Amino acid sequence: METTRHFTATVYIVESGAVALHHHDRLGIRVPPGGHVDRDELPHEAGLREVYEETGLDADLIDGTPTVDAPAGQVLPRPRHQMLYDINVHDDGTAGHQHIDHVYYACVSSREIDPAGDDEADPDAWAWYDERDLRESDVDPDTVQFSVEAIEAARNDAETAEK
């Protein structure tokens, strides 16, 4: 049986040492903004679009991708992680559908969640988690790890900008 795969992008947004996660009704877990990469998008563009649609916030990627002198090319922001998630698993254990997720970290300048998309989670579905909150929560381990890494990356990015 063939496995269908879709490219997705997820962005862990950080503001003042905390990340925003929302309760995903269908999955029953807390997740950051993210979704499918459209045919006319690059993964980082899809991630930033999803942040805006889901939260109403404009995000700035934390990007340490080195530049490359490529007259016919363009350097793209490098995801912090690429993950393969099984979305639909058959009774025999095979995956019928998978997401190839590009995971990015970004900063936002506000915690005011006001979704720009019509079918997005209500603002009260969102919560901001600092590192202690994450470690004491029942949030999935990969989400905790990526959230803590995003908080640290934002801290390092701010320290570098101050120098």
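With a relative accessibility of 4%, Tyr 12 counts as buried (under 20% relative accessible area is buried, over 50% exposed and in between partly exposed, with a 1.4 Å probe and protein chains only). That makes a handy place to start. This is a predicted model, where local features need pLDDT of at least 70, side-chain atom pairs count only at pLDDT 80 or more, and totals for chains, interfaces and linings use all residues. Residues are numbered from 1 along each chain as its sequence is written, and side-chain values use heavy atoms, with hydrogens and water left out.

So what does the ring of Tyr 12 pair with? A search of the whole structure turns up two aromatic pairs. Rings of Phe, Tyr and Trp (its six-membered ring) pair if their centres lie within 6.5 Å; planes under 30 degrees apart are stacked, over 60 edge-to-face, and the rest tilted. The rings of Tyr 12 and Tyr 105 have centres 6.1 Å apart and planes at 85°, so this pair is edge-to-face. Since Tyr 12 sits in strand E1 (residues 4-15) and Tyr 105 in strand E7, the pair ties together parts that are 93 residues apart in sequence. Helices (H or I, at least four residues) and strands (E, at least two) are DSSP runs here, numbered from the N terminus. Both Tyr 12 and Tyr 105 are buried.

The other partner is Phe 146: the ring centres of Tyr 12 and Phe 146 are 5.9 Å apart with the planes at 75°, so that pair is edge-to-face. Here strand E1 meets helix H3 (residues 141-162), which holds Phe 146, so the pair ties together parts that are 134 residues apart in sequence. Phe 146 counts as buried because its relative accessibility is 4%. Put together, Tyr 12, Tyr 105 and Phe 146 form one aromatic cluster.

Stay on strand E7 (residues 95-107) and you also find His 102. His 102 is at 7% relative accessibility, so it counts as buried. Leaving out residues up to four places away in sequence, His 102 touches Phe 7, Thr 8, Ala 9, Thr 10, Pro 43, Pro 79, His 81 and Gln 82, where contact means heavy atoms within 4.5 Å.

Now for two loops. Pro 32 lies in the one between strand E3 (29-31) and strand E4 (34-36), and is buried, with a relative accessible area of 7%. Neighbours within four places aside, its contacts include Tyr 12, Glu 54, Trp 126 and Thr 143. Pro 32 and Glu 54 are 22 residues apart in sequence and 9.4 Å apart in space, C-alpha to C-alpha. Ser 16, in the loop between E1 and strand E2 (18-24), counts as exposed at 62% relative accessibility. Its phi is near 50°, a positive value in a residue other than glycine.

Zooming out, the protein chain has three helices and eight strands, in the order β-β-β-β-α-β-β-β-β-α-α along the sequence. Its radius of gyration is 16 Å, close to the 15 Å that the globule rule gives for 163 residues, so the chain is as compact as a globular protein of that length. The radius is taken over C-alpha atoms, and the rule is 2.2 Å times the number of residues to the power 0.38. Of the 163 residues, 37% are buried. Among contacts with a separation of 6 or more, 64% join residues 24 or more positions apart.
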